[in-house]
Amino acid sequence: MGAGQAMTGSADPRLARMILEAERLGAGIGLAGTTTQHRWERALELVEREGLTMVPPYDHPWIIAGQGTAGREIMQDLPKAQMILVPVGGGGLSAGVATAVKLVNPHTRVIGVEPSGAPNITRARGARAPGPAEATPRI
């Protein structure tokens with residue numbers, strides 16, 4: 001894998017075009033298992049072996065701050081919004097958006113939504129702790 005790298009968990013043939021285009025632009029693509037844990041372990045191997053820098057996909061302050069730009073843009077357009085719905089996966093987007101929105105208007109409700117087939121946040125809240133994401137069917 002080269003300087004610009006990406007990890008994906010699927011060998012889905014529909015991704016072939018995107019993979020080829022990313023490689024054309026200089027990215028290295030690594031297929032790494034079928035779960036977030038598989039991808040994380042493979043990324044850590046590459047960090048160790050090649051001296052790379054790990055950029056976590058969602059649970060890092062820099063990622064959350066970057067995702068907050070979406071909330072900032074929403075509030076620039078709709079500063080009096082009463083409610084904003086945010087997709088929830090790993091939590092980075094929802095955390096960043098909620099932080100930015102609340103800084104502009106603390107009265108705006110920010111609600112995280114997740115697919116019924118992948119209720120990872122619901123499970124984590126029920127367990128009162130994060131847990132492994134279960135494999136879910138894809139579109």
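Reader: How many helices and strands does the protein have?
Author: This is a predicted model. Read along the sequence, its elements follow the pattern β-α-β-α-α-β-α-β-α. That makes five helices and four strands.

Reader: What share of the 139 residues is buried?
Author: A residue counts as buried when its relative accessible area is under 20%. Of the 139 residues in the protein, the buried ones make up 20%.

Reader: Is Leu85 buried or exposed?
Author: Leu85 lies in strand 3, residues 83-87. With Met83 and Val113, Leu85 makes a nonpolar surface patch of about 280 Å². The cut-off for exposed is over 50% relative accessible area. Leu85 has 55%, so Leu85 is exposed.

Reader: Which residues of helix 3 are buried?
Author: Helix 3 covers residues 61-77. Strand 3 and helix 4 (92-104) are among what covers its buried residues. One of these residues, Met75, also belongs to the largest nonpolar core. The buried residues of helix 3 are Ile63, Gly68, Gly71 and Met75.

Reader: How far apart are the end C-alpha atoms of helix 3?
Author: Helix 3 has 17 residues, and at 1.5 Å a residue they should span 24 Å. The distance in the model agrees with this: the end C-alpha atoms are 25 Å apart.

Terms used:
Residues numbered from 1 in each chain as written. Predicted model: local features only at pLDDT ≥ 70, side-chain atom pairs only at ≥ 80, totals over all residues. Heavy atoms only, no water. Patch = residues over 30% accessible without salt bridge, like charges linked within 9 Å, V, L, I, M, F, W, Y side chains within 5 Å. Areas by Shrake-Rupley, 256 points an atom, 1.4 Å probe, with all protein chains shown as cover. Salt bridge = Lys/Arg side-chain N within 4 Å of Asp/Glu carboxyl O. Helix = DSSP H or I, 4+ residues; strand = E, 2+ residues; numbered from the N terminus. Buried < 20%, exposed > 50% of the residue type's maximum accessible area, 1.4 Å probe, protein only. Expected span 1.5 Å × (residues − 1). Contact = heavy atoms within 4.5 Å. Core = buried A, V, L, I, M, F, W, Y, C linked by side-chain atoms within 4.5 Å.
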